[in-house]
Amino acid sequence: MTTLARANHLELRLTRDAAAIEAAQRLRYRVFYEEMGAVPSPAARAARIDRDQFDELADHLVVLDLERGSAREPCVVGCYRMLRESVARARGGLYTAREFDLSGVRCASGEILELGRSCVEPEYRTGAVMQLLGRGIADYIDRHRVGLMLGCASLPGTDVEAASMVLSFLHHNVLAPEGLRPRALADRFVPTDRMAPQAIDPRVALKQIPPLLKAYLRMGGMIGEGAVIDHEFNTIDVCLVLPTERVQASYQRHYRQHRPRTAAAA
């Protein structure tokens with residue numbers, strides 16, 4: 001487990017520690033299933049934990065509240081799952097490939113990094129935790145020479161008609177170019193060009209974009225072609241792609257200028 005940064009009683013760590021990962025999985029269950037209405041399997045409901053086969057392959061970025069919990073039972077209040085394509089390739093590929101065809105996505109230089117399972121405990125959604133997680137992502141990009149980030153970005157609910165304006169806004173304004181464009185799998189493909197550009201009210205559409213997706217778009221993120229309905233997680237998913245070279249210089253400075261030196265932690 002590696003400590004990357006501290007902010008008062010909050011500590012950012014990159015880890016594969018079993019106790020920290022389980023705490024993150026329990027946080028994921030509370031947020032995704034209890035708060036956001038995802039539908040758990042009987043096993044997940046009984047254990048109150050969100051876990052899948054990709055967790056053991058990934059690195060996990062976690063924010064701990066050091067004033068709560070212990071070394072045996074850490075208190076994880078924010079998390080991200082970080083999975084490099086080079087690691088996942090030998091074990092069946094990336095999680096995102098279960099919904100999107102990534103064969104058209106090429107990274108000219110550097111590693112492809114899948115970001116997923118991002119969530120923050122409700123009482124900690126004040127900015128500090130997301131800033132720490134952002135620093136951790138920036139550090140990981142540098143450490144592994146990441147050239148492209150991607151992952152499933154979710155809109156709440158599964159009513160495609162209700163989401164027509166925001167999906168159409170994304171399609172017409174931030175569709176990734178050929179060579180960087182994932183495509184929803186044929187048997188799950190939901191068209192995103194549902195409205196003509198002139199019929200879209202940008203102000204209404206922007207209000208419907210979740211804050212995390214909006215943040216990635218501000219950094220230069222784009223989406224693939226088509227969406228997927230995820231009934232388990234009660235969401236409509238689009239595939240986000242973000243070449244690290246497109247990340248605006250202001251964001252690079254924001255996450256790097258105050259980053260402390262890496263230190264080992266127990």
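How many residues apart in helix H1 are Tyr 29 and Tyr 33, and about how many helical turns separate them? Tyr 29 and Tyr 33 are 4 residues apart in H1, so about one helical turn separates them.

This is a predicted model, in which local features need pLDDT of at least 70, side-chain atom pairs count only at pLDDT 80 or more, and totals for chains, interfaces and linings use all residues. Residues are numbered from 1 along each chain as its sequence is written, and side-chain values use heavy atoms, with hydrogens and water left out.

**Overall build**

The protein has 8 helices and 12 strands. Helices (H or I, at least four residues) and strands (E, at least two) are DSSP runs, numbered from the N terminus. The radius of gyration is 18 Å, close to the 18 Å that the globule rule gives for 266 residues, so the protein is as compact as a globular protein of that length. That radius is taken over C-alpha atoms, and the rule is 2.2 Å times the number of residues to the power 0.38. The C-alpha trace spans about 55 × 45 × 40 Å along its principal axes. Buried residues account for 50% of the 266. Buried means under 20% relative accessible area, exposed over 50%, and partly exposed in between (1.4 Å probe, protein chains only). Of the contacts between residues at least 6 apart in sequence, 79% join residues at least 24 apart. A contact means heavy atoms within 4.5 Å.

**Helix H1**

H1 covers residues 18-35. Its 18 residues should span 26 Å at 1.5 Å a residue, and the end C-alpha atoms are 24 Å apart, which agrees. The expected span is 1.5 Å times one less than the number of residues. Asp 17 caps the N-terminal end, with a side-chain oxygen 3.2 Å from the backbone nitrogen of Ala 19. Just after H1, Gly 37 takes a positive phi of about 85°.

Buried residues of H1 include Ala 20, Ile 21, Leu 27, Arg 28 and Val 31. Their cover includes strands S2 (10-15), S3 (59-69), S4 (74-84) and S6 (111-120), along with helix H2 (42-47).

**Aromatic pairs**

The whole structure holds 4 aromatic pairs. Rings of Phe, Tyr and Trp (its six-membered ring) pair if their centres lie within 6.5 Å; planes under 30 degrees apart count as stacked, over 60 as edge-to-face and the rest as tilted.

Phe 32 lies in H1, while Phe 233 lies in the loop between strand S10 (228-230) and strand S11 (235-243), so the pair ties together parts that are 201 residues apart in sequence. Phe 32 is buried at 10% relative accessible area. Phe 233 is also buried, at 10%. Tyr 29 and Tyr 33 are both buried. Tyr 29, Phe 32, Tyr 33 and Phe 233 form one aromatic cluster.

Elsewhere, the charged end of Arg 81 sits over the ring of Tyr 95, 5.6 Å from its centre. The cut-offs are NZ of Lys or CZ of Arg within 6 Å of the ring centre and within 35 degrees of the ring normal.

**Positive phi in loops**

Asn 8 is not a glycine, yet its phi is near 55°. Asn 8 sits in the loop between strand S1 (2-7) and S2. Asn 8 is exposed, with a relative accessible area of 78%. Arg 48, also not a glycine, has a positive phi of about 55°. Its place is the loop between H2 and S3. Arg 48 is partly exposed at 38%.

Conventions. A polar contact is a pair of N or O atoms within 3.5 Å; within protein, one must be able to donate a hydrogen and the other to accept it, and residues adjacent in sequence count only if both atoms are side-chain atoms.
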